[in-house]
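Dear colleague,

Please find below the structure that I am handing over to you. My findings follow it, and I would ask you to read them with the structure open.

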Amino acid sequence: MNAATPFIKVLNLSYAYPDGTLALSDINLEIYDGEFVALIGQNGSGKTTLSKCLNGLLKPTRGDVLVEGLNSKTTPIVQMVNRVGYVFQNPDHQLFNNNCWDEIAYGPRNILLPEEEVAVRVREAAAVVGLAEEYFESHPFFLSKGLRQRVAIASILALRPKVIIVDEPTTGQDSKQSYEIMDFLTLLNKERGHTIIIITHDMPIVARYARRVIAMADGKILADGITAEIFKQLSILEKASLEPPQITRFAQRLHQHGFDPGTLTVEQAVDQFRQICQKFIHDG
Amino acid sequence: MNKTLLGYVPKESPIYEVHPFVKLFFLLVVSLFPLFVAAPEWNFGLLIFLLLLMFLCRIDMRTLRIYVPVAISMGSIILLSYTVLGGRHAEFQVVASVFGFPIYWERLRDALVVYFRILPMIATMVFFLSTSRERDVIVAMRSIKMPFVVTYVFAMALRSAGMVLEDFHIVRQAEQARGFDTTGKSLAYKIRKYVMYMIPLFALSLRRAEEFTNALVARGYSFTGKAARIKRADYILSHYSYKLHDYILILLIAFAFGLLLYLSLGLGFFDLNKSAFIRWLHQVLS
Amino acid sequence: MEPIIEITNYSWKYPETEKPALDMVNLQINKGEFIGIIGPNGAGKTTLALSMNGLIPGQYHGIKQGEVKVLGREVEEYSKGELQMHVGMVFSDPEAQFTAMTVEDELVFGLENLGLTRAEIKERLDWVVQLTDLQRLLNKPPYEISGGQKQRVALAAVLAMMPEVMVLDEPTSMLDPLSRKRIYEVLRQLRETQRHTIIMIEHSLENLIPLTDRMILLSDGKVVMNDETRKFFQAPDLLDKGVYPSEVIQYFHALKGQGLYESEIPITLDEAVEVQENLLALLKVSNNMRGTSS
């Protein structure tokens, strides 16, 4: 699934705020097609800053960010946004059109697509997020939070970016809603080929959905690898002030009894228990 | 320098030893000085004095750069409206002619007087904002016994402004993330498009207003009724006490004002006909 | 002992909605209890919380039926500003709750509303600042502190007023794990003193479960389950009812469902580890025995 060349390449990236404080120092990173990545860390670790550098919203103070070969420092934002989409945490920060159709059409119109193409994109995006046609004329302000979120996501999808960065998809949601949105992102990833990057600190969600985890603290990347492997590195997670999901900690404490310290979900833990039971029967 | 909602304040400064009321008193009184002074050279002197004061209080003079374009454009507007756009007056003396518009001496003189009156008034305000954190402003207002509602609304306004500014930042980025790009576009275009920022900011503020009110009421605050008439302890004020230097400064400022009034209204010391600068300028132009 | 909060046949319907937000709710909360209220978004949890401190019907329009009694009196009988001194509330958005321009101002606001003297304010301030570790932040304006710190300030500001009841509406949902832990740390200390009645609405249950005496499940405006915490999580059909318990609870329910475990479901990680170790030891022994006997 991975192409030979990474879609996004980050080279020695450093970012400093106007007053001089360093938000990111010397980041090196590669994102390939089709990945499902979780960027984890505390508030202030730099994860949001890094993700905004990935689509050109923030320009590096030093170093480079290359998206499909284009350097974010020299490429106009219009050419970046149809490659890397960014969904903000609060949909209210971006909805401002009078109706949902215009809202979803906003992106495609910004990149100067002809109106027929815009219409195609709007319908397509609305279908993917499950937004019924009856809402096309509605004013986004009066819709429920869930619908507003769908409109916001659709407005990014309409740009057909290869990579979609989602800022805190599950914060403020109840469990069922969290699973729904993550299942939706998985659908985008597996069936429509988008590369998904989520910024989060919701560890059970990371365990269940993300295949790769990048852990950050103090503007640096502490660890970058397969989810199960990262969750085994407790000292690193501690430095990032994070801990693995409860079931992982459970398995880790029962490691000597045969549980895998890289257990990610309840289902996996149950399977392991069965296997241990089988082992007892065979050994006995 | 620390950034506040009202400007930049120095990290350390002798002015922080002064009670906020004194700073407010200085602002209110000294900004009245130019009203009693017509001679531009004296007002200019006051401006220099204020700049020196800012320097002594460790204000970063580079942050004053943002006021330079304001000063220049304001000066141009005043000059233009007094002279070129000031109408025709046969009784005035013409000293120059610009594109067929006569420039009258009297008008030019008046424009200069007004301009040099406004400059120190603005400088006093800038001095105040550059040496006061938001809390100092609120403490100053409470120490002059302004009604609590007024000071609290002011504080809430500052707080809300802060939240709106933060929102604005995010909204801008959200629009950029959908391809909105103002680089290379005209000012008119930018203004037209910035209107669209109002909508999400408005929506966010509306949604937040409900929680904001709940947070106030949930802590027993009431805008009306018996609960609103409780005598408040004004605990914040307990951190600030008047020291000897505060009283001395207040007396000095009051005395200076008194002296000014005497010299101005009593002796006409700052009148135009006594102004060396005006006389010199008139000579040069005639 | 009369319950500190007594809700009888209570329904609340917001204007221009079809269904009531709360439908015939019956609830009793005793002094000193720590109650957890869970349920999906839109179930009416916030409405219930607002009903307990008088913001409903005080600040909101709607139709009320039934009774909500706090400290023996109907909520509507309290005069303006009076009930809020007995029931403190912490909301979920740290930004919107912070209304002053410095942390100290924020903490002192409620105390000034109570009409306390400066000496009394100082005493309470010192106590609450020490409890929530806010000493270094006292003079800071809101834009210089993080969301997690703001939420600690919100909690401290309400605590300082010393209400008998504290209602917390998803106070950690917008916080990162570290800030969340600090909030729970304060709550744990409060629980130990047992002076407050605490009602907490939460989604993420791992941290909440060890603190609570009782759990209430709200769904579609109705109270679906209301039980002592341990008993609450023994119910086998939790997922069907819309409850997503913490992972170790789910694990043991799964084991139970597959016939691999029969005893009581442990509700915390420590308990779960102990139970699992005992279970494995038991299995080992029984298999050994079976081995030797065959």
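Helices and strands are here taken as DSSP runs, a strand having at least two residues, and they are numbered from the N terminus. In this sense, A:Met216 belongs to strand 9 of chain A, which covers residues 212-217. Please bear in mind that this is a predicted model.

Is A:Met216 buried or exposed? A residue is called buried when its relative accessible area is under 20%. A:Met216 has a value of 0% and is therefore buried. In sequence, A:Met216 and A:Ala240 are 24 residues apart, while their C-alpha atoms are separated by 6.4 Å in space.

In chain B, B:Phe55 is found in helix 2, which runs over residues 40-56. The cut-off for an exposed residue is over 50%; B:Phe55 has a relative accessible area of 54%, so it is exposed. B:Phe55 also takes part in a nonpolar surface patch of about 640 Å², together with B:Phe44, B:Ile48, B:Leu51, B:Leu52, B:Leu56 and B:Met61.

Turning to chain C, its secondary structure consists of 10 helices and 10 strands. Its C-alpha atoms fill a box of roughly 80 × 45 × 35 Å along the principal axes. The chain has 294 residues, of which 55% count as buried. Carbon and sulfur atoms contribute 49% of its accessible surface of about 12000 Å². Among the contacts in chain C with a separation of 6 or more, 64% join residues 24 or more positions apart. Finally, chain C carries 29 positive and 43 negative side chains, and the centres of these two sets are 2 Å apart.

Yours sincerely

Note on methods
Residues numbered from 1 in each chain as written. Chains lettered and ligands numbered in written order. Predicted model: local features only at pLDDT ≥ 70, side-chain atom pairs only at ≥ 80, totals over all residues. Heavy atoms only, no water. Patch = residues over 30% accessible without salt bridge, like charges linked within 9 Å, V, L, I, M, F, W, Y side chains within 5 Å. Areas by Shrake-Rupley, 256 points an atom, 1.4 Å probe, with all protein chains shown as cover. Salt bridge = Lys/Arg side-chain N within 4 Å of Asp/Glu carboxyl O. Helix = DSSP H or I, 4+ residues; strand = E, 2+ residues; numbered from the N terminus. Buried < 20%, exposed > 50% of the residue type's maximum accessible area, 1.4 Å probe, protein only. Contact = heavy atoms within 4.5 Å. Lys, Arg positive; Asp, Glu negative; His and termini not counted. Charge placed at Lys NZ, Arg CZ, Asp CG, Glu CD.
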